[in-house]
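The sequence and coordinates are shown below.

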Amino acid sequence: MECLLDHIVLNMTDEKKMIDFYLKVLMFAPERLQEYRTGKVPFPSLRLNSNTIIDLFPQEMWENSAGAGQGGENLNHFCLALTKGSWQNLCQRLKDGKVTIEEGPVPRWGAHGVGTSIYFRDPEGNLIEARYYEG
């Protein structure tokens, strides 16, 4: 059975910081952003690739159902696989944006074997792993 990651949902409290981070630092394409800003849809999404999106839930969508604390209460981290060049460009954008790399570069096991990873957080504290595979 082949399975693709369709989407993940991140809770947000500061939508400007979250949207800017995912658009400008990670450079994901916006989906339904204008519709969200005009009130036509309840949340925006960001496209990672043709198969996967991240939905950003504003606080009014989750505040009555989520546990204490920011972000997704059960999310440990999610991982983005990039080409080596894109990974290096991301590292530079993180540095330019003064985003702390908490760990790495380190070798880590993933869907395609061992890759080189870094770990950093988005503005709501969600841990993100970004990696590349050699070859």
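The model is a predicted one. E103 is likewise partly exposed, at 34% relative accessible area. Between R108 and E103 there is a salt bridge, in which the closest N and O atoms are 2.3 Å apart.

Seven salt bridges are counted in the model.

Helix 1 spans residues 15-25. Salt bridges link K16, D20 and K24 in a network. The D20 side chain meets that of K16 with an N to O distance of 2.6 Å, and that of K24 with an N to O distance of 4.0 Å.

The spacing along the helix is about one turn for each pair: D20 and K16 are four residues apart in helix 1, and D20 and K24 are also separated by four residues there.

K16 counts as exposed, with 57% relative accessibility, and K24 counts as exposed at 58%. D20, by contrast, is buried. Other buried residues of helix 1 include M18, I19, F21, Y22 and V25.

Just after helix 1, M27 adopts a positive phi of about 60°.

How values were computed: Residues are numbered from 1 along each chain as its sequence is written. This is a predicted model: local features need pLDDT of at least 70, side-chain atom pairs count only at pLDDT 80 or more; totals for chains, interfaces and linings use all residues. Side-chain values use heavy atoms; hydrogens and water are left out. Buried means under 20% relative accessible area, exposed over 50%, partly exposed in between (1.4 Å probe, protein chains only). Helices (H or I, at least four residues) and strands (E, at least two) are DSSP runs, numbered from the N terminus.
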